[in-house]
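Here is a short briefing on one protein model. Look over the sequence and the structure, then read on.

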Amino acid sequence: MALPQFNDAQAAHPAVARHVDFLRKTGVTVLLGDTGFTPHKPKQGNVDAYPWQAGLDALHADG
């Protein structure tokens, strides 16, 4: 399981989508977008809004 955190400028880099796709194809649950973390504007992240519970739920579902 991977629960990334980065801003939307970083998310726009072509390598991000390619690597997320690769991880998912190899069986890694990547919690990104509606299922987990949604990238934010640079310097606008809210640590209190980080979806920790989504990560914990995913770990328990796999375990």
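What is the mean pLDDT of the protein? The mean is 90, and 97% of the residues reach 70 or more; pLDDT is the predictor's confidence in each residue, from 0 to 100. This is a predicted model, in which local features need pLDDT of at least 70, side-chain atom pairs count only at pLDDT 80 or more, and totals for chains, interfaces and linings use all residues. Residues are numbered from 1 along each chain as its sequence is written, and side-chain values use heavy atoms, with hydrogens and water left out.

**Confidence by element**
- Helix α2 has the highest mean pLDDT among the elements, 96.
- Helix α3 (residues 52-62) has the lowest, 86.
- Helices here are DSSP runs (H or I, at least four residues), numbered from the N terminus.

**Leu-23**
- Leu-23 is found in helix α2, which spans residues 14-25.
- Its relative accessibility is 33%, so Leu-23 counts as partly exposed (buried is under 20% relative accessible area, exposed over 50%, partly exposed in between; 1.4 Å probe, protein chains only).
- Leaving aside residues up to four places away in sequence, Leu-23 touches Val-28 and Val-30 (contact means heavy atoms within 4.5 Å).
- Gln-10 is 13 residues from Leu-23 in sequence and 18 Å away in space, C-alpha to C-alpha.

**Lys-43**
- Lys-43 lies in the loop between α2 and α3.
- Lys-43 is exposed because its relative accessible area is 81%.
- Its phi is positive, about 65 degrees, although Lys-43 is not a glycine.
- Most residues other than glycine have a negative phi.

**Leu-56**
- Leu-56 is found in helix α3.
- With a relative accessible area of 41%, Leu-56 is partly exposed.

Conventions:
Helices (H or I, at least four residues) and strands (E, at least two) are DSSP runs, numbered from the N terminus.
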